[in-house]
Amino acid sequence: MDGMNRRRFLKVLGVAGGGSVALSGCGSEPEKLIPYLVPMEDQIPGIATWYATTCRECPASCGLHAKVREGRVIKLEGNPDHPVNRGKLCARGQAGLQGVYNPDRVRGPMARGAGGAFEPISWDDAIARIAERVGAAQGRQVWFLTGNERGTFDRLVSEWLGALGSSGRVVYEPFGYEALRHATREVFGIDAVPSYRLEASRYVLSFGADFLETWLSPLEHTRGFVASHGYRAGSMGRFVHVEPRLSLTAMNADEWIAPIPGTEALLALAMAQVIVRSRLALPPADVSRVRALLDAHTPETVSARCGVPAETIERLAREFAAGPSVALAGGMGAQHAEAHGTAAAVHILNYVAGNVGRTVMFDAG
């Protein structure tokens, strides 16, 4: 037999014969060698096809290459041409493949039946129901629940709601960024979560943001941190982490500062006060709007409350202002009652140091 030796023959026979018997004995339906009889035009049995797609395991939306064999995705890899992850993929992205074959996954649209339980319905039925409900809601608020989205889908949802005359956008994340978004609205008047250019910084100051673990876009931040912290032009970048606990991100810091929990905002404002008072950076034209707030948070006033010596606050402020630098607020620093205040204080610190528009970027929406 051409192309069929003894080992190959026994292997196929084992899968088609003995394997089916073993599976049937377990009460499961036997696995087919080829999952469909009429394959797609671009599918050739035995030859893998790669598709470019996007990871949905977190809001970072990294680019993926999905390897497909006989209609089944079998491997995920980072897309080297994607600007966010550039070919890399974190553990969550690699594990995304398991969600495709999870037996408890939702496989299609479902609706609550007469008995109160969810029952599967067809896509045509689901679309018709949504169109009917949206059409009947004229003049009333339509609510749309999403995660913390970025890019095209985020704009699509906003435009869709705008066409209906609704502002009912609800964003939910288990470890959300509402405090950061709210602080951005109050300080800069922009409803957005900022993005950070760590690669353009030589001094990274994190107020609880676990940017090497799960915060915002960990792969993008890891690449930026490597570029920032690496040796070049005769020196290395510096990373200081401010957080009561020693997190995995904090363990990578050159210096770890543990303030009294909930007082991170005071430390950030005191640093900003030193920068403005000593004119360590070119002051913004409207710095007078925050001068009274900063004058009330001198290092000497703040030191006893946050548990960090005034001399350390002064030194951190001078190092940060020497730039290029960036300050981050999030992670555990955004999970307590003062989360909004911490994010707002860090925004002000970046602002007085001249980082907004250089290492801290805002895209409205």
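Val242 stands opposite Ile257 in strand β13. This is a predicted model, where local features need pLDDT of at least 70, side-chain atom pairs count only at pLDDT 80 or more, and totals for chains, interfaces and linings use all residues. Residues are numbered from 1 along each chain as its sequence is written, and side-chain values use heavy atoms, leaving out hydrogens and water.

**The sheet**
- Strand β12 (residues 238-242) runs parallel to β13, and three bridges join them; strands (E, at least two residues) and helices (H or I, at least four) are DSSP runs, numbered from the N terminus.
- Four strands form an open sheet in the order β13-β12-β9-β14, with parallel pairing (two strands pair if DSSP finds at least two bridges between them).
- At the edges stand β13 (255-257) and β14 (325-329), each with a single partner strand, so one side of each has no neighbour in the sheet.

**Helix α7**
- Of the 14 residues of α7, 13 are buried, so this helix is largely enclosed by the rest of the structure (buried means under 20% relative accessible area, exposed over 50%, partly exposed in between, with a 1.4 Å probe and protein chains only).
- Just after α7, Arg279 takes a positive phi of about 50°.

**Helices α9 and α10**
- Helix α9 (residues 299-306) packs against α10 (residues 310-322) at an angle of about 115°, with the axes 8 Å apart (axes are lines fitted to C-alpha atoms, for helices over the stretch in contact, and angles run from 0 to 180 degrees between N-to-C directions).
- Residues making the contact (heavy atoms within 4.5 Å) include Val302 of α9 and Ile313 of α10.
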